[in-house]
Amino acid sequence: MYLERRSALLGLLLLLLLSAGCGADTGLHIIVESSYAVPDEVDSLVIEVSGGNQPAQTYPVTILSPFPHDFAIDTEGVSGTLQVIIEAMKGTETVTTAQIRADLVKNRVIEYRVNL
């Protein structure tokens, strides 16, 4: 399982490996929307993924461009339910939080829209 951040402006790919799975057929696509201004009100996101058959992982992501931001979580080899917590941060302070509970479906990418 890994997290991939997609951003048209940055063209940045974050690949954080959690397990041996490398396919992209099973996973989550999360689109984070917000009216908060970047970087004046929010300058980073912290994404915590837990559940399934994997240990919890936390991904801090600095954001430089306005919302929306989207992330793909590849869950190949992971089963069960995942909990994804997304925290919008300004420095070390949490501005707001959203949570997703996702039942994984093999060979399917499920899209979630989150408004912070």
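Ground rules. The model is predicted, so local features need pLDDT of at least 70 and side-chain atom pairs count only at pLDDT 80 or more, while totals for chains, interfaces and linings use all residues. Residues are numbered from 1 along each chain as its sequence is written, and side-chain values use heavy atoms, with hydrogens and water left out.

Let me start with the open sheet. Four strands form it, in the order β5-β4-β7-β8. The pairing is antiparallel. Strands here are DSSP runs of E, at least two residues long, numbered from the N terminus. Two strands pair if DSSP finds at least two bridges between them. The edges are β5 (54-62) and β8 (93-103), and each of these pairs on one side only. Neighbouring strands of this sheet are turned by 15° against each other on average, direction ignored. For that angle, axes are lines fitted to C-alpha atoms, and angles run from 0 to 180 degrees between N-to-C directions.

Now β4 and β7. Eight bridges join them, in the antiparallel sense. In β7, Gln83 is the bridge partner of Ser50.

Stay with Gln83. This residue is in strand β7, residues 81-90. Setting aside residues up to four places away in sequence, Gln83 touches Glu48, Val49, Ser50, Gln99, Ile100 and Arg101. Contact means heavy atoms within 4.5 Å. With Arg101 there is also a polar contact, side chain to side chain, at 3.1 Å. A polar contact is a pair of N or O atoms within 3.5 Å; within protein, one must be able to donate a hydrogen and the other to accept it, and residues adjacent in sequence count only if both atoms are side-chain atoms.

Next, Thr94. This one sits in strand β8. The side chains of Thr94 and Glu87 make a polar contact at 3.0 Å. Leaving aside neighbours within four places in sequence, Thr94 is in contact with Glu87, Ala88 and Met89. Thr94 counts as partly exposed, at 40% relative accessibility. The cut-offs: buried is under 20% relative accessible area, exposed is over 50%, partly exposed is in between, with a 1.4 Å probe and protein chains only. Leu45 is 49 residues from Thr94 in sequence, and the C-alpha to C-alpha distance is 9.2 Å.

On to β3. Six of its seven residues are buried, so β3 is largely enclosed by the rest of the structure. β3 pairs with β6 through six bridges, and the two run antiparallel. There, His29 has Ala72 in β6 as its bridge partner. With β9, β3 pairs in the parallel sense over seven bridges. Glu33 stands opposite Asn115 in β9.

Which residues touch the most other members of the largest nonpolar core? They are Leu28, Ile30, Val84, Ile86 and Leu116, out of 26 residues. A nonpolar core is a set of buried Ala, Val, Leu, Ile, Met, Phe, Trp, Tyr and Cys residues joined through side-chain atoms within 4.5 Å. β3, β4, β5, β6 (69-74), β7, β8 and β9 each supply at least two residues of this core. The largest share, four residues, comes from β7. Take Ile30: beyond four places in sequence, its contacts include Phe71, Ile73, Val84, Ile86, Ile100 and Val114.

Last topic: charge. How many salt bridges are there? The count comes to three. The rule is a side-chain nitrogen of Lys or Arg within 4 Å of a carboxyl oxygen of Asp or Glu.

One is between Arg113 and Glu33, at 3.0 Å, N to O. Arg113 lies in strand β9 (residues 109-115) and Glu33 in strand β3 (residues 27-33), so the pair ties together parts that are 80 residues apart in sequence. Arg113 counts as exposed, at 54% relative accessibility. Glu33 is partly exposed, at 31%.

Glu111 and Arg113 also form a salt bridge, at 4.0 Å, N to O. Shared partners join Glu33, Glu111 and Arg113 into one network. Glu111 is partly exposed, with a relative accessible area of 46%.

Then there is Asp43 with Lys90, where the closest N and O atoms are 4.0 Å apart. This pair links distant parts of the chain, 47 residues apart: Asp43 in the loop between β3 and β4 (44-51), Lys90 in strand β7. Lys90 is partly exposed, at 33% relative accessibility.
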